[in-house]
Amino acid sequence: PRQRQEQELALSRRVASPVPFAVGLENPVGANNCFLNVVLQSLWHLPGLRQPLETLAHHCTSPELCALCALKNLFIQYHFTQYSHIPPHELRVVVSRVFSSMQRFQLDQMDDAAELLDHLLRRLHTELSGAGPEEHFTP
């Protein structure tokens with residue numbers, strides 16, 4: 001059922017959004033992305049975060065562990081997409097990898113939006129301060 005829903009979402013994604021910046025995030029059955037999506041949509045609506053992030057020159061050696069890279073990519077998709085909704089999968093995978101030692105925010109698992117926001121902001125701060133994604137993250 002989930003694979004079928006993901007295929008249907010991919011097809012329906014081709015429908016243009018009638019309102020600029022009114023782009024949704026996908027949450028296929030069983031993906032449990034709702035806690036992630038609420039955080040991402042909240043961050044998207046903060047121009048003071050979104051605008052500098054979109055133009056940030058960030059050079060990363062480990063993009064598979066870089067929340068900053070994944071968030072920047074998602075915001076670029078949000079900004080330029082012609083679709084009514086986009087998948088947050090890249091960021092979901094990065095978040096699950098980064099916090100795997102804590103057993104938090106894992107793929108297909110439900111979690112808490114407020115806790116994700118706290119951990120994600122700390123992670124972004126760590127990455128922006130130059131520690132980089134290679135550093136072991138401790139909350």
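Figure 1. At 24% relative accessibility, Asp-111 counts as partly exposed, a class that lies between buried (under 20% relative accessible area) and exposed (over 50%), as found with a 1.4 Å probe on protein chains only. This is a predicted model, in which local features need pLDDT of at least 70 and side-chain atom pairs count only at pLDDT 80 or more, while totals for chains, interfaces and linings use all residues. Residues are numbered from 1 along each chain as its sequence is written, and side-chain values use heavy atoms, with hydrogens and water left out. Asp-111 forms a salt bridge with Arg-104, with 2.2 Å between the closest N and O atoms; the term denotes a side-chain nitrogen of Lys or Arg within 4 Å of a carboxyl oxygen of Asp or Glu. Glu-115 joins Arg-104 and Asp-111 in a network of salt bridges. The whole structure contains 4 salt bridges.

Figure 2. Helices here are DSSP runs (H or I, at least four residues), numbered from the N terminus. Helix H6 spans residues 113-128 and holds both Asp-118 and Arg-122, which are 4 residues apart, about one turn of the helix. Their side chains meet in a salt bridge at 3.2 Å, N to O. Asp-118 is partly exposed, with 34% relative accessibility, and Arg-122 is also partly exposed, with 40%. Arg-123 and Glu-127 form a salt bridge at 2.7 Å, N to O. These two residues are 4 residues apart in helix H6 and are therefore separated by about one helical turn. Both Arg-123 and Glu-127 are buried.

**Figure 3. Lys-72, a buried residue without a salt bridge****.** Lys-72 belongs to helix H4, residues 67-80. The nearest side chain of opposite charge is that of Glu-54, 9.6 Å away; Lys and Arg count as positive and Asp and Glu as negative, while His and the chain ends are not counted.
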